[in-house]
Amino acid sequence: MSRQALLPRTAPFGDQERAHLDAALGAATPIQRAWLTGFLAGLDAAAGQPVSAAVPAAPPKAAEPLTILFASESGNSEKLASDVSKLARKQGFKPKIVDFSDLDLATLPKAGKLVAIAATWGEGEPPARAVRAYGELMADGAPRLEGVEFAVLALGDTSYAEFCAIGKALDARFEALGAKRAVPRADLDLDFEKPAADWIKGALKALAPAETAADNVVAVDFRHGVEDEDGEVSREPVVVEVIDHVNLNSSRSDKETIHLALEFEDGAPAYEPGDSLEIFPENDPQLVDEILRATGLSGDEALRKALLAERDITTLSASTVERFAKATGHAEAAAFVESGEVKAWIEGRHLIDLIERFPAALTAEHLNTVTRPLPPRAYSIASSRKEVGDEVHLTIAAVRYETHGRARSGVASVHVADRIRNGAKLRVRVKPNKHFRLPSDPATDIIMVGPGTGVAPFRAFVQERRAIEAPGRSWLFFGDRHFTHDFLYQLEWQDALEDGSLAKIDVAFSRDQPEKIYVQDRIDQNAAELVAWLDGGAHFYVCGDAKNMAKDVRAAVVRAFQTVKGLSAADAETHVAGLERAKRYQQDVY
């Protein structure tokens, strides 16, 4: 049966124009038609054109407010929040994006419609910037949320036991506070792009208000009606050439840290100091061959190619074991899943351990089902475009260790250290980090704490400030194991001290004396000067290990305010929290 035409023959269009419009409008949703009505009326109004008498006299309906709350560590949740906002605006919402670090909890009861996108950090912890507001939300004094309709998108990594813990906790907490769930929560792994896009469409559809025939004109905010995407860094991978590959450690060091210089053929993308570069690595060929032998699939060249560059063959999670048992029908593997022993057993093990423990006749399809796509690895950019031009520099520590009698290695780091040399090609992608930026005023002093490879972004900071002749002072805290073997970029820091782009450097080499000394110990020793810099408006930056170092450094800064100013522990903590809220204490941790 043919669909009835929407536009009458008396409409002021030619037959072909009327047919095109009718086809487009006939496939549109009520929300899309409402948005288009308001949009066209707004265009006429903005151009000073009188609105045709054919337009209904009823006032346009105000765009539906939508709060998009995100908690992000690496930027993925923030990017998805932006995606939600762009799509929501097209569908007649008036979106507002809120970083968890900026959340005033008292505003949540007025949110009406709420989308929360939350990453889980480490072993079930909230991202660093979200700690304060997350704690307040989970506390007994959190406000009731009756009348709020919400949807939660959780991001995580199945290689961690507490997969998507923060998103799950937020979902439960919103409901406990009286809010109404619009759609089921989605818990997504590292390959989240496609399922996230599908979930966003469904969530916005569920949150959209019911349409009525008399209430179908949506007001459009023409000040923000079109998203300005100029200046956004492309998320498409590009191929670069390795032009420098140097081990920064001495031959007597028990560490291997590669300085990697990459050149862009068509000009470097618009990266900024503080951003990261994602490398698309390849797996260890020996490990791939070991898996193929263990599964009896050594002759499958197409599968070998896929396992080298496309599939994650190192991550072993509880869900991996579950998928393996289901795909293979292996009775012992299924019983192992039911036993509850999986989480303890997978610690320190990889896919090859699972295959060897539960031998089965596997196919290429089985391996594709069991594994997930091989994700890129992000590394802090260690250069400024103002100094290196069409290059980007990275500082990558090769990860090698042994567990359960088997040698293990980091996928990307050892790919770079062992199998990449000058002239090689790599696929890379810039990953912006708007929350780890130099002060907008170059006269502002900065304090940088970056032990080990955590020093990488601060090399970029110093290069940038040198290039623009920033009058502000720069102070670096660096630490590693041995002065003689592990002082990364030592000559560059000496040059920076001489030319004034670095005002002060304090170093801590933990293994050069009987007692271990770390960067937080140097902060303790320089507490008075550090507090003076911060009282004078300095910005404080930390990059490196999140599990221990970043927490120890923050505790040292709290101690500095406590001892120098004679504050109570609570007041000193409040002072540092104030620096964080003012974006003067920033972290890039992993």
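Is C543 buried or exposed? C543 is buried, as its relative accessible area is 0%. The structure is a predicted model.

## Cysteines

C164 has a relative accessibility of 0%. Buried means under 20%, so C164 counts as buried. C543 is buried too, with a value of 0%.

A disulfide is a covalent bond between the sulfur atoms of two cysteines. The search of the whole structure finds 0 disulfides.

Strand 14 covers residues 425-431. Of its 7 residues, 5 are buried, so the strand is largely enclosed by the rest of the structure.

Strand 14 pairs with strand 7 (residues 238-247). The pairing is antiparallel and spans 4 bridges. Here E241 has K425 of strand 14 as its bridge partner. Strand 14 also runs antiparallel to strand 9 (residues 276-280), joined by 5 bridges. F280 stands opposite R427 of strand 14. In a regular strand the side chains alternate between the two faces of the sheet.

## Helices 7 and 8

Two packed helices are described by the angle and the distance between their axes. Helix 7 spans residues 285-295, and helix 8 spans residues 301-309. Their axes come within 10 Å and cross at roughly 135°. The two helices are therefore oblique to each other. The crossing is right-handed.

Which residues of helix 7 meet helix 8? On the helix 7 side they are P285, V288, D289, I291 and L292. They meet L303, R304, L307 and L308 in helix 8.

Note on methods
Residues are numbered from 1 along each chain as its sequence is written. This is a predicted model: local features need pLDDT of at least 70, side-chain atom pairs count only at pLDDT 80 or more; totals for chains, interfaces and linings use all residues. Side-chain values use heavy atoms; hydrogens and water are left out. A disulfide is a pair of cysteine sulfur atoms within 2.5 Å. Buried means under 20% relative accessible area, exposed over 50%, partly exposed in between (1.4 Å probe, protein chains only). Two strands pair if DSSP finds at least two bridges between them. Axes are lines fitted to C-alpha atoms, for helices over the stretch in contact, and angles run from 0 to 180 degrees between N-to-C directions. Angles under 35 degrees count as roughly parallel, over 145 as roughly antiparallel, 65 to 115 as roughly perpendicular and the rest as oblique. A crossing is left-handed if the near helix is turned anticlockwise from the far one by less than a right angle, and right-handed if clockwise. Contact means heavy atoms within 4.5 Å.
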